[in-house]
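Let's take a walk through this structure together.

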Amino acid sequence: MYRYDEFDETFVRERVRQFRGQVERRLEGALSEDEFRPLRLKNGLYLQLHAYMLRVAIPYGVLSSRQMRQLAMIARRFDRGYAHFTTRQNVQYNWPKLGDVPDILEALADVEMHALQTSGNCIRNVTADQFAGVARDEIADPRPWSELIRQWSSLHPEFSYLPRKFKIAVSGSPHDRAALRVHDIGLRLVRNEEGALGFEVMVGGGQGRTPVLAVTIASFVPAADILPYCEAVVRVYNMQGRRDNIYKARIKILVQALGASEYARLVAEEFEKIKGTPLGHVPEEEIARIARYFAPPAYDALPDDSPELEAAQRMDLGFARWCRTNLWPHRVPGYRIVTVSLKTPGAVPGDASADQMDALAALAQEFSADEIRVTHHQNLVLPNVRARDLPAVYDKLRAIGLAAGNIGLISDIIVCPGLDYCNLANARSIPIAQKIARRFDDPAMLATIGELRLNISGCINACGHHHVGHIGILGVDKQGQELYQLTLGGSSAEDASIGKIMGPGFPADDVPDAIARLIDSYLAHRSSSEERFLDCYRRIGAEPFKRALYDGHS
Amino acid sequence: MKAITANRLHEGDVVYLTAEGKWVSSLAQARLFSDEAAVAAALAEAEQAVAARRIVAPYAFAVAQDAQGVIAALSTREQIRASRNPTIAVDHGSWQENR
């Protein structure tokens with residue numbers, strides 16, 4: 001893992017000291033609310049529906065056990081004993097008191113964490129493939145490059161007041177687990193014909209009220225050039241992006257207005273200018289220095305198969321099911337990547353209690369080289385588990401209520417906080433997710449349905465990624481009633497697409513039945529059990545699903 | 001009919017303006033306003049509480065009062081705020097019962 005150097009440490013401590021002074025001056029009356037609001041937002045502190053909310057950055061979703069324990073301590077001491085993991089691989093506290101926030105930030109700084117750039121019109125926390133460095137299908141590890149981007153984008157003086165917020169995601173695999181096509185910049189590590197490492201650069205993706213898939217403006221930028229190239233992409237946006245209308249201020253609108261080829265030309269022009277300056281070159285030794293922080297742990301030499309694992313699967317069908325859904329091949333034989341579901345049916349998706357967080361920290365320490373990842377699907381990952389240890393890990397997860405075997409299935413729902421917490425929401429989203437997860441809480445049914453991404457947002461801002469759900473649900477407020485529109489056919493993976501709205505919305509109580517009718521229709525129409533819901537939809541189109549939704553039910 | 005709400009500066013808690021000019025957590029004690037001029041005057045009073053660092057972000061919202069005098073927010077959003085909690089259970093101790 002990356003460790004703070006003296007500069008990072010001094011800088012973060014100084015920002016905590018500054019914010020402590022700002023809070024004191026606010027409480028003493030030297031700062032007005034209008035003066036204070038932008039200052040608290042620059043430190044990740046929002047005012048939400050019930051209370052303040054603090055959003056803490058988890059750079060590219062990577063946490064140590066020590067950091068997870070500190071997050072648990074903060075939840076226990078300063079909040080209500082739980083925290084919420086988000087689609088940006090961050091963590092949020094829903095109930096902090098203003099006067100406690102400087103102490104919370106100090107506690108975060110003690111474990112090399114902060115809440116900077118988790119709000120505002122700046123480059124936000126960089127996100128990455130949660131299986132970075134361990135996935136068997138990986139071309140190269142995206143973490144050193146993500147860290148390089150984190151350092152470059154932290155308090156970048158030119159990019160502190162962009163037209164709007166800006167999100168960068170990085171992946172090192174052909175299989176896109178980082179939703180690259182719905183980011184302002186998506187970076188995918190590739191090798192060219194000569195075997196050199198570089199990036200495919202996608203620009204102008206995003207969700208919200210205008211969902212757009214990013215377009216590739218460069219199929220190969222040499223890896224060592226990625227910072228000056230990103231600098232050029234963001235500079236063109238900063239200079240030409242709209243500032244007159246918040247709804248048209250994201251880079252996606254500019255890329256659409258100019259056209260992708262014109263945007264690419266402007267970036268290439270800017271890139272050439274930057275190349276001739278000190279910013280145009282990242283020293284190789286600096287890249288190597290950062291990469292050393294991500295050296296693999298000391299793996300044991302093991303056969304890939306484990307008799308203990310196979311025996312345990314034969315003994316315990318629940319464990320066998322969990323192994324089928326929650327494990328991913330590791331690049332090192334004898335190891336597996338474990339995804340820990342925060343989607344236990346009936347629970348709040350993405351929430352973890354302080355006790356669960358402590359228990360996960362202990363699990364990571366004992367079984368996963370001290371490391372935990374956060375996924376943009378709001379789950380957690382133990383990236384380095386020996387196959388033979390899986391039964392023990394599963395038993396310990398069961399003991400803390402986190403052994404749901406549903407990763408990638410219909411109950412593994414992405415869901416925004418919605419009207420239960422959020423100031424911007426129009427409708428609740430968590431209770432809808434809970435109802436659906438309970439409706440399909442049957443192992444045989446889950447297995448029959450297979451891979452299905454269901455995402456729910458409580459408003460058009462789309463924090464719950466509904467546009468890219470195979471099934472998306474959007475909560476709207478229609479004359480005081482919460483209604484839920486369904487979209488079908490979205491994907492955030494390498495086959496990215498934006499879902500299409502099926503028709504009028506449903507009241508909350510009718511949503512699980514509507515989803516059930518969609519599933520029945522899928523099961524009736526699929527060409528085989530191998531054909532996923534998304535592929536079936538793409539093959540047969542919307543009409544059979546619209547009929548299932550509305551015929552006799554409108 | 002409207003009431004005035006805000007959040008406490010220190011704690012962030014949801015509060016309502018009472019007839020005595022206090023800020024309390026119970027919607028039942030909120031002062032009700034039936035015309036726009038009274039709402040505007042109350043919001044001006046709320047701005048003084050903002051300046052006095054008691055509350056932030058005040059605004060008026062629609063309520064109804066039944067024959068028994070019980071005040072209820074009209075929108076789901078304000079009903080949720082008035083309950084001071086999300087509508088879902090966040091009892092994160094319950095996992096222990098499932099052991």
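Which residues of α5(A) meet which residues of α9(A)? Keep in mind that you are looking at a predicted model. On the α5(A) side you'll find A:Pro144, A:Glu147 and A:Leu148, and they meet A:Ile287, A:Ile290 and A:Ala291 in α9(A). Sort the residues of this contact by class and you get five nonpolar, no polar and one charged. Now step back to the helices themselves: α5 covers residues 143–153 of chain A and α9 covers residues 284–292 of chain A. Their axes come within 9 Å and cross at roughly 115°, and the crossing of α5(A) and α9(A) is right-handed.

Next up is a sheet. Chain A has five strands in an open sheet, and their order is β1-β2-β5-β4-β13, with antiparallel pairing. Look at the edges: β1 (45–47) and β13 (351–353) of chain A each have a single partner strand, so one side of each has no neighbour in the sheet. From one strand to the next, the twist averages 30°. Zoom in on β4 (residues 82–85) of chain A, which is joined to β13(A) by three bridges, the two running antiparallel. There, A:Ala83 sits opposite A:Ala352 of β13(A).

β13 turns up again where the chains meet. The contact takes 29 residues from chain A and 25 residues from chain B. On chain A's side, the elements giving two or more residues are β13 and α14 (430–439). The largest share, three residues, comes from α14(A). By class, the side of chain A that touches chain B has 14 nonpolar, nine polar and six charged residues.

Definitions and conventions
Residues are numbered from 1 along each chain as its sequence is written. Chains are lettered from A and ligands numbered from 1 in the order in which they are written. This is a predicted model: local features need pLDDT of at least 70, side-chain atom pairs count only at pLDDT 80 or more; totals for chains, interfaces and linings use all residues. Two strands pair if DSSP finds at least two bridges between them. Helices (H or I, at least four residues) and strands (E, at least two) are DSSP runs, numbered from the N terminus. Axes are lines fitted to C-alpha atoms, for helices over the stretch in contact, and angles run from 0 to 180 degrees between N-to-C directions. A crossing is left-handed if the near helix is turned anticlockwise from the far one by less than a right angle, and right-handed if clockwise. Two residues are in contact if their C-beta atoms, placed from the backbone, lie within 7 Å. Ala, Val, Leu, Ile, Met, Phe, Trp, Tyr, Cys and Pro count as nonpolar, Asp, Glu, Lys and Arg as charged, and the others, Gly among them, as polar.
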